[in-house]
Amino acid sequence: MTDVTSSKSSRRPHHWRHDLIELAALFTAVVVADTIAKTIVKGPDGPYLLVFSAVALVATAGFHTWWARRHSHAPPATAATATAAGTAPGTEGAREADPGADGAPGAAGTALWRMRTTVDDAPGSLAALCTALARLGVDILTLQTHPLAEGTVDEFLLRAPAGLAAEDLAREVGAAGGRDTWTERADAHDLVDTPTRVLGLATRTALDAAELPLALRQLLGRCTLHSVPAVSLTGRPTGEQAPVEGVLEETVMKLRDPSGGTLLIERPYLPFTPTEFARARALVELDARLGPRIPRSQDVLTLPEGNEITVRRADQRDLAAARAMHDRCSARTLGLRYHGPVGDADRYLDHLLSPRFGRTLAVQTASGRLVALGHLLWDGDETEVALLVEDDWQRRGIGSELLGRLVAMAEEDGCESVYAVTQASNTGMVAAMRALNLPLDYQIEEGTLVITARLESAPRRSERPQRAHRSER
């Protein structure tokens, strides 16, 4: 609904002043003209008085023009603004930027909230809700509707007075007919309208298969996503295979993974709606249609001794080269990496190289031989980093280079922390984590060391090989 004002409020209260000035100017001009005419006729200084009167008239006209511009064209003292009751039902999209938004000039005294509530699918139910929000001084910035079999879930982005408590907001919404109300503080990123956000997530997914889990997380809010393979690492069927159309069970969503197995998405604090289920399934179908894909860019670096190496993304198409690198690694190197029997190392490679479980960086020599792998792995709502560097290429800064790049990726994806699981005797991994210059937490249990790096600040990279150039394959 377009913002409007009544005819009374649209009148400018200073119009009577403008009329008074016009009348005074006319009266003054008549008096001056009459006085000058009489003086010229009777006195000897007629020419001087004419000049003086002309100057007086010019000054009067200038003053009148200044006064008119200042008072006749000024905007009203208070501009009309839309309230919660003035937002159109079914509108989906951010309104024009407002100085009251968080982080913008004049934002003091306001706060952004995301709110979801269920109302009856009946005429006037949404209007009653909007009226209740208007009484609280709450402005609706965006509104999405999620139809259900019974009722409708309305999802709002609100700008509310800073002193308004979530309990008071929920209570007023409940009194207006809303139920199962959920509120959460929002930020400026939520001002992007939903169609634009979904298109952006689809673009990211189309460019990189590893983006699908991240896109689903951002699409559905704070949720936990697990990729359950159809076959375990030991080669046994897991029995996890969702139907093609997927399954929606309140707070659990199961979608068929295009690479095999099932994508299990859980959000215990808030049930999924059919609309969210349809959006998630559309992203998964897009991923299935596009097939395996990773960005093709690569960086050529020069090591301190002068050798050139190439850092690029890797996936399951590099499985043969990765297994060959395993064969060249010592039992100690593989043991420090996989924390188990050396014979099990090859079983993990197909899992680790799958973009469904994260991103992999590979380092290859000028001859094309693979000499190092770095993994950024999605572990539910946490993120793990892992490194493997062939024995002959250790202690050259390759591990630190890979780790720095993986942490930068995690930070770009909005991760709050990353962790590495290693052994206390793995001094190389410990040193690489310390070189990140990030706050670290250590946990030791039965010889296994878990190092967690918090990503509150931008990582300051340690000394690394010199970058020569970037190329596209």
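**Rings and pockets**

Mentor: To begin, this is a predicted model, and a search of the whole structure finds one aromatic pair.

Trainee: Which rings are those, and how are their planes set?

Mentor: They are the rings of Trp182 and Tyr269, whose centres are 5.9 Å apart, and because their planes stand at 40°, the pair is tilted. The pair links distant parts of the chain, with Trp182 in strand 4 and Tyr269 in the loop between strand 8 (262-266) and helix 8, 87 residues apart.

Trainee: Is Trp182 buried or exposed?

Mentor: Trp182 is buried, with a relative accessible area of 12%, whereas Tyr269 is partly exposed, at 33%.

Trainee: And what lies over the face of Tyr269?

Mentor: That is Arg222, at 5.6 Å from the ring centre of Tyr269.

Trainee: Switching to pockets, what volume does the largest pocket have?

Mentor: Its volume is about 1600 Å³, and among its 46 lining residues the closest to the centre are Asp190, Arg217, Gln218, Gly221 and Arg222.

Trainee: How does that lining divide by class?

Mentor: The lining of the largest pocket has 21 charged, 13 polar and twelve nonpolar residues.

Trainee: What about the second largest pocket, how is its lining made up?

Mentor: For the second largest pocket, of about 680 Å³, the lining has 14 nonpolar, eleven polar and five charged residues. Strand 13 gives the largest share of that lining, six residues.

Terms used:
Residues numbered from 1 in each chain as written. Predicted model: local features only at pLDDT ≥ 70, side-chain atom pairs only at ≥ 80, totals over all residues. Heavy atoms only, no water. 1 Å grid on protein atoms, 1.4 Å probe; cavity = no way out; pocket = protein on both sides within 12 Å on 5 of 7 lines; lining within 4 Å. Points joined across faces, edges and corners; volume = space filled by probe spheres on them. Nonpolar A, V, L, I, M, F, W, Y, C, P; charged D, E, K, R; others polar. Helix = DSSP H or I, 4+ residues; strand = E, 2+ residues; numbered from the N terminus. Phe/Tyr/Trp six-rings, centres within 6.5 Å; stacked < 30°, edge-to-face > 60°. Buried < 20%, exposed > 50% of the residue type's maximum accessible area, 1.4 Å probe, protein only. Lys NZ or Arg CZ within 6 Å of the ring centre and 35° of its normal.
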